[in-house]
Amino acid sequence: MKRFIVWLFVAITCCSLPVMAQNDSVPFLYRSHLYLRSTINDTVNLNIVFDTGGSDIFGVDSVWLKHSNWIPKYFGKASMGSGDRRIIVPLVVDYTKMVIGNIEEYYNRVPVFKLRDVVDCHVDGIWGIKNIAEYPLEINYEKGYLKRYKTGKPNTEGYERMPIRYENDRIMLQVETVIGGTVIRGWYLMDTGAGGSVEFTSKTTSEYRLDTISSKRHFIDWSNYGLGNKKQEGIVKMMSDRIVLGNDTFIEKPVKYIPEGTGAFGDKPYLGIIGNDILSNYNMIVDAKNSVLYLRRFASDEAPTPTYDYSFRNRTDIGSGWIVSMLYRDGEAANAGMALGDTIKAVNGRPVSDYSWEEEHNLSDTPRQVLDIAGTDGQEKRIVLEAKLLW
């Protein structure tokens with residue numbers, strides 16, 4: 001069997017998903033990423049993330065597969081990544097039918113990732129763009145649905161028309177990012193699998209010497225930032241002057257770069273990726289066949305609110321809590337004794353297993369958190385944090 005190479009980045013979360021609509025639209029729940037219900041071979045249900053940065057890909061999580069009712073007969077291996085970051089993952093080579101609403105696709109290769117190490121316990125699989133050039137695709141963030149127009153034409157009245165590049169099942173947009181007066185203008189990968197605004201490739205980081213630009217910045221440690229990445233990455237978050245997409249300008253949005261990026265952040269034919277912190281302000285129609293994207297802004301800019309300088313992944317599927325996955329160096333949480341890999345057992349006196357997904361998602365909005373934690377050394381500790389403006 002020929003070697004199958006997969007490139008993929010994703011940083012996502014999870015929830016209970018809405019029921020399918022009756023008008024050929026596919027509902028999704030937006031929580032920094034797009035979550036949909038899917039069915040394999042008409043019998044096995046799973047929750048997937050829609051990732052336009054994942055080229056022609058449908059993959060499942062290894063823990064989910066182990067405990068699901070799907071029992072594939074044939075396996076191979078897939079090679080993912082590049083250089084010394086290449087990893088080998090199992091590959092289901094059964095002919096597999098995957099259905100999302102009125103969208104039906106077939107795959108003879110389904111990679112099996114440790115997806116929940118990057119995401120969390122409620123994500124079962126990931127789906128990228130396949131055959132998007134056949135029909136226009138509407139992504140409606142305002143009302144939360146996808147729609148593939150197999151018949152008829154989408155209504156583009158009131159939408160801005162902008163050119164795109166569609167290559168190898170990837171969509172690239174023309175974007176301008178300005179940081180400390182430095183203009184970084186060109187093609188960016190449209191990535192609904194990314195929750196942030198703009199993240200630069202290592203090539204762009206080097207060519208534009210981002211580490212020398214005068215700007216507010218934070219240094220962050222992040223575990224399992226993406227599939228194929230190192231177990232821990234040092235990431236730099238900077239404050240941009242502005243980000244310009246079409247006729248819209250976003251003022252002072254944080255952007256990120258990884259000094260030694262790989263995969264989606266390596267030496268790529270785009271400057272960086274543009275994620276949901278920007279895209280979710282629009283309803284959009286992708287007409288890849290004619291290399292056009294239609295955008296209609298519906299959300300207004302919001303002022304920054306106090307939050308926390310750490311984050312976690314819910315891994316109650318394999319453990320007893322939420323695993324600390326991101327820390328600002330020299331931030332309040334790190335200085336209070338929190339470490340990557342610690343397990344959060346309770347928040348404000350309530351076990352994390354009692355939190356709904358929505359409550360978990362909204363925790364960053366609470367003004368104060370009392371965290372009961374089991375450290376990586378097995379020692380118990382209590383950390384008290386207050387939400388603050390990080391910029």
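Trainee: Which residue stands opposite Gln174 in β17?

Mentor: Start with what a strand is: here strands are DSSP runs of E with at least two residues, helices are runs of H or I with at least four, and both are numbered from the N terminus. In this structure, Gln174 has Trp187 opposite it in β17. Bear in mind that this is a predicted model, where local features need pLDDT of at least 70, side-chain atom pairs count only at pLDDT 80 or more, and totals for chains, interfaces and linings use all residues. Residues are numbered from 1 along each chain as its sequence is written, and side-chain values use heavy atoms, with hydrogens and water left out.

Trainee: How many bridges join β16 to β17?

Mentor: Two strands count as paired if DSSP finds at least two bridges between them. β16 (residues 170-179) and β17 (residues 182-190) have eight, and they run antiparallel. Their hairpin has two residues between the strands, and Gly180 there takes a positive phi near 55 degrees.

Trainee: What does β17 pair with in parallel?

Mentor: That's β24 (residues 272-274), joined to β17 by two bridges. Look for Leu189, whose bridge partner in β24 is Ile273.

Trainee: Where does Asn168 lie?

Mentor: Asn168 sits in the loop between β15 (160-167) and β16. Its phi is positive, about 55 degrees, although Asn168 is not a glycine.

Trainee: Is Asn168 buried or exposed?

Mentor: Buried means under 20% relative accessible area, exposed over 50%, and partly exposed in between, using a 1.4 Å probe and protein chains only. Asn168 counts as exposed because its relative accessibility is 63%.
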